[in-house]
Amino acid sequence: MIGDLSFSKRPWMFGRRAIAALEFAMSTPLLVIILGGAADYGLGQFYRTNLANAVAAGCEYAYLTTQAGGTVTSGNVQSVVQDAMFLPAGAVGNLSVTVTGPKGYCVTGAGPTMSAATVPSTCSDGSAAGTYVLITATYTNTGLMKGFLSTLSQPISESATARLN
């Protein structure tokens, strides 16, 4: 029959389909790893920015509360930082917040260096001692592709020091 173009009369078409399926099967894992890595990288940057904003919120809370005449405790600042982090359920255990202060310090030198002092007093360089709060927060991002991209599971740390008076 001249007009019959069934696959039984063209066996080379089956070979092309099989090759295309094989190429797809071989390239899919690489594509998944690349897309998963891009998603993990983006998620890591999201958490880095989120952590910086949470530490800044803790500093802002401590400063504004002090300026309004309120009392700041390290527990209150820690709660503000933890609440400001937008974490998925179950990821709160990956967040560690350390708050030192509010305490009196003298900040001197080009470094600068902080040394404990009583407030009010005068520092060795003639400046007035101030009340400071030091906030350090660390979050360990476990990522989406556990095991494949272990370098993205490194802890992310942010710290800030704020003068309250």
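How many disulfides does a search of the whole structure find? The search finds 1 disulfide, where a disulfide is a pair of cysteine sulfur atoms within 2.5 Å. The structure is a predicted model, in which local features need pLDDT of at least 70, side-chain atom pairs count only at pLDDT 80 or more, and totals for chains, interfaces and linings use all residues. Residues are numbered from 1 along each chain as its sequence is written, and side-chain values use heavy atoms, with hydrogens and water left out.

The disulfide joins C106 and C123, whose sulfur atoms are 2.0 Å apart. The torsion about the S-S bond of C106 and C123 is about -90°, so the disulfide is left-handed. The pair links distant parts of the chain. C106 belongs to strand β1, while C123 sits in the loop between β2 (113-116) and β3, 17 residues apart. Both C106 and C123 are buried. Buried means under 20% relative accessible area, exposed means over 50%, and partly exposed lies in between (1.4 Å probe, protein chains only). C59 is also buried, at a relative accessible area of 11%.

The protein contains 2 helices and 4 strands. Helices (H or I, at least four residues) and strands (E, at least two) are DSSP runs, numbered from the N terminus. Along the sequence the pattern is α-α-β-β-β-β. Of the 165 residues, 25% count as buried. The accessible surface of the protein comes to about 10400 Å². Carbon and sulfur atoms hold 62% of that surface. These areas come from the Shrake-Rupley method with a 1.4 Å probe; for residues, only the protein chains shown count as cover. Among contacts in the protein with a separation of 6 or more, 64% involve residues 24 or more positions apart. Contact here means heavy atoms within 4.5 Å.

Strand pairing is considered next. Two strands pair if DSSP finds at least two bridges between them. Strands β1 and β3 run antiparallel and are joined by 9 bridges. Strands β1 and β2 also run antiparallel, with 4 bridges. The hairpin of β1 and β2 has 4 residues between the strands. In this hairpin, G109 takes a positive phi near 85°.

L134 lies in strand β3. At 23% relative accessibility, L134 counts as partly exposed. Not counting residues up to four places away in sequence, L134 touches T98, V99, T100, Y105, M114, A160 and T161. L134 and P102 are 32 residues apart in sequence, yet their C-alpha atoms are 7.7 Å apart in space.

In soluble globular proteins, nonpolar side chains tend to be buried together. Here the largest nonpolar core has 21 residues. Such a core is a set of buried Ala, Val, Leu, Ile, Met, Phe, Trp, Tyr and Cys residues joined through side-chain atoms within 4.5 Å. L51, V133, I135 and Y139 touch the most other members of this core. The elements that give two or more residues are α1 (12-67), α2 (74-84), β1 (95-108), β3 (130-140) and β4 (155-163). Helix α1 gives the most, with 6 residues. Leaving aside neighbours within four places in sequence, Y139 is in contact with Y47, L51, M85, L87, A91, N94, L95, Q154, P155 and I156.

A search of the whole structure finds 3 aromatic pairs. Rings of Phe, Tyr and Trp (its six-membered ring) pair if their centres lie within 6.5 Å; planes under 30 degrees apart count as stacked, over 60 as edge-to-face and the rest as tilted. The rings of Y47 and Y139 have centres 4.8 Å apart and planes at 50°, so the pair is tilted. Y47 lies in helix α1 and Y139 in strand β3, so this pair ties together parts that are 92 residues apart in sequence. Both Y47 and Y139 are buried. For Y105 and Y132, the ring centres are 6.4 Å apart and the planes at 70°, so the pair is edge-to-face. Y105 lies in strand β1 and Y132 in strand β3, so this pair ties together parts that are 27 residues apart in sequence. Y105 is buried, with a relative accessible area of 11%. Y132 is buried, with a relative accessible area of 11%. F46, Y47 and Y139 form one aromatic cluster.
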